[in-house]
Amino acid sequence: MSQVLTDTRMSWVGRLNDSRNLLGFLFMLPAGLLLLVFLTYPLGLGIWLGFTNTTIGHLGDFIGLENYRSLMHDTVFWLSVFNTFLYTIVASIFKFMLGLWLAVLLNQRLPFKAFLRAIMLLPFIVPTALSAIAFWWIYDSQFSIISWVLIKMGWITKYIDFLGDPNMARASVIVANVWRGVPFVAISLLAGLQTIPQSLYEAAALDGASSWQRFRHVTLPLLTPIIAVVMTFSVLFTFTDFQLIYVLTRGGPLNATHLMATLAFQRGIPGGQLGEGAALAVAMVPFLLAAIMFSYFGLQRRKWQQGGRD
Amino acid sequence: MAEERQDIQGMDYLTSLPRRVVTTYIPLAIFMFVLLFPFYWMAITSIKSNAELYDYEHFSPFWVAQPTLANIEKLLFHTPYPDWLWNTVLVSVVSTFISLFASVFAAYAIERLRYTGSRYVGMSIFLAYLVPPSILFIPLAAMVYRLGLFDTRLALILTYPTFLIPFCTWLLMGYFKSIPLELEECALIDGASRLQILVKIILPLAVPGLISAGIFAFTLSWNEFIYALTFISSSEVKTVPVGVVTELVEGDVYHWGSLMTGALLGSLPVAILYSFFVEHYVAGMTGAVKE
């Protein structure tokens, strides 16, 4: 009797063990459930909310494209689109150039290299909201250390209003964003640089290539695939940035630094207009996709031009 | 490693020292100065008294004449800061463990069980990683209100895995891929079940990957801002980043001393954790990008 029982139990476990699909389903269950409920469903819900006039505490009615129609005529919305692109493009270009430069510097023989590499990542590791507060203090209109140093050196005569003037504020938030993003770009590109065999540089040097030519014709082409991926991530994170702006300017002065994400938050949460906020967030998607496509395929294109596979 | 060192040295001996100073050391020093200055500024501000803080005439702003612990004392005993620290630790640890647990099974199933459609699931996990929180927070807020989770830690514990699981799964898939299939085949022939193989063979070999994923997930949840800002309103349930930004800056006068102390104390735990696991961190970062 007991023999039979063990047999059926064995075969049940055995069948479970054999059936990859059943076992696969069971193994996927915890991750799948969490992601379906809290990621896939809200994505759909967000699109639905964008078609309603839902407010906090009040389930709204379907109003079709009304939210989008009013956004089309909303100058603040278009200003935020402009700001988002300006912020993303300028910050990404600087992050790429400075990050690549830093990676090349760190790829050389250096004393305390491991230590330098470790502390360089700190801006990326600490909470952005908290380092943004440090920048807020650095940008203070009365006690800014930058202004103080510049005055002492005699370069300017009065304190710079870093966050009070629209264009100055845009530049200031971009600088803070670049400061935070450079280590990520640098460390990822450094990993790519380390995979390039030194013998290629030696061969190029023997052929008489200058150091700039070695960089241009050996380093850059071999690094292109990883640059495409790193910059795509960088563009994605910059485009959807929220915390830095929220802490430094809350979108001001005169909405000059409002990004689409901060505007969506302002309208949706403190403003209570969940429907309009959701529409704004959904409106980010096509722009975001375009930005990602551009940075990924724009950079990746060179791969097949050089005879590699896509 | 030694070989790699040699390789990196490469042709460096060809450049003279003065040239290296100009092309390498000076730019590097400027980079390091700019990257680290805000931390120095944070630290020095947090131990200044108010008299020194706002007086650049009599005191050099770059140094502190009479360091004080008043800011830390105020923060720890006269604000809800300890509550925020505790909330952040709790939420980060719990959501990290939930995510690791779910990700280990998911990554193993996708990478090794290869069930029907596992390729597409793997792809959609990667796409899920690309969905930014700033698109999700409004519908999630609506869900959180409706589920009655508003203003609870549970709201954060349940929503953080949405960005942690894709990241951890993706990272662990890479690690599992590097483990030889033969090990698993041997165990299967010896009659081990898949669960036994996962727990006794794969996981011990993937410990570095688990550490990478774990500390990265912990840092991501520690640093999370927009969900915590949206789903929490009571002071005693807030996390450190949100608490410092929303509660310490209210009012007309900004108390820069305690603000900087709050920012510094909130950054220290991740910085310390990071200092112990630098290599795992770098592996996690670059691993996620490389795949």
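How many Å² do chain A and chain B bury between them, and what share of this lies on carbon and sulfur atoms? In this predicted model, the two chains bury about 9100 Å² between them, with 79% of that area on carbon and sulfur atoms. A:Phe27, A:Phe38 and A:Trp137 together supply 9% of the area that chain A buries against chain B, which is more than any other three residues supply. Counted by residue, the interface brings 95 residues of chain A into contact with 105 residues of chain B. The size of an interface is often given in this way, as the accessible area lost when the parts come together.

Chain A was examined next as a separate unit. The secondary structure of chain A consists of 14 helices and zero strands, and its pattern along the sequence is accordingly written as α-α-α-α-α-α-α-α-α-α-α-α-α-α. The radius of gyration of chain A is 26 Å, whereas a compact globule of 310 residues would have a value near 19 Å. Taken along the principal axes, the C-alpha atoms of chain A fill a box of roughly 95 × 65 × 40 Å. Of the 310 residues in chain A, 53% are buried, and among contacts between residues at least 6 apart in sequence, 66% join residues that are at least 24 apart. The accessible surface of chain A amounts to about 14700 Å², and carbon and sulfur atoms account for 68% of it.

Helix H6 of chain B, covering residues 118-130, was considered in terms of its length and its surroundings. At 1.5 Å a residue, the 13 residues of this helix should span 18 Å, and the end C-alpha atoms lie 19 Å apart, in agreement with that expectation. The buried residues of H6(B) are B:Ser118, B:Gly122, B:Ile125, B:Phe126, B:Ala128 and B:Tyr129. Viewed down the helix axis, these buried residues fall within an arc of 155 degrees, so they line one face of H6(B). An α-helix has 3.6 residues a turn, so residues three or four places apart point the same way. The buried residues of H6(B) pack against elements from both chains, namely helix H2 (20-49) and helix H11 (211-239) of chain A, together with helix H5 (81-113) and helix H9 (161-177) of chain B. On the face turned away from the buried side, H6(B) carries the exposed residues B:Arg119 and B:Tyr120.

A one-sided arrangement is also found in helix H10 of chain A (residues 198-206), where A:Gln198, A:Tyr201 and A:Ala204 are buried. Seen down the axis of H10(A), these buried residues fall within an arc of 120 degrees, so they line one face of the helix. The helix is followed by A:Gly208, which has a positive phi near 90 degrees.

Apart from neighbours within four places in sequence, B:Gly257 is in contact with B:Thr45, B:Ser46, B:Leu53 and B:Asn71. The C-alpha atom of B:Gly257 is separated by 7.3 Å from that of B:Ile47, although the two residues are 210 residues apart along the chain. B:Thr24, in helix H2 (residues 17-46) of chain B, is likewise counted as buried, at 1% relative accessibility. With neighbours within four places in sequence left aside, B:Thr24 is in contact with A:Leu105, A:Gln108 and A:Leu110.

Most residues other than glycine have a negative phi, and most peptide bonds are trans. In chain A, the peptide bond from A:Gly252 to A:Pro253 is cis, with omega near -15 degrees, and A:Pro253 lies in the loop between helix H12 (243-248) and helix H13 (260-268). The loop between H12 and H13 of chain A also holds A:Asn255, which has a positive phi of about 60 degrees although it is not a glycine. A:Asn255 is partly exposed, with a relative accessible area of 28%. In chain B, B:Asp151 has a positive phi near 70 degrees and is placed in the loop between helix H7 (133-146) and helix H8 (153-159). With a relative accessible area of 19%, B:Asp151 is buried.

Key:
Residues numbered from 1 in each chain as written. Chains lettered and ligands numbered in written order. Predicted model: local features only at pLDDT ≥ 70, side-chain atom pairs only at ≥ 80, totals over all residues. Heavy atoms only, no water. Helix = DSSP H or I, 4+ residues; strand = E, 2+ residues; numbered from the N terminus. Expected span 1.5 Å × (residues − 1). Buried < 20%, exposed > 50% of the residue type's maximum accessible area, 1.4 Å probe, protein only. Arc of directions from axis to C-beta. Contact = heavy atoms within 4.5 Å. Rg over C-alpha atoms; globule rule 2.2 N^0.38 Å. Areas by Shrake-Rupley, 256 points an atom, 1.4 Å probe, with all protein chains shown as cover. Buried area = accessible area lost by both parts, 1.4 Å probe.
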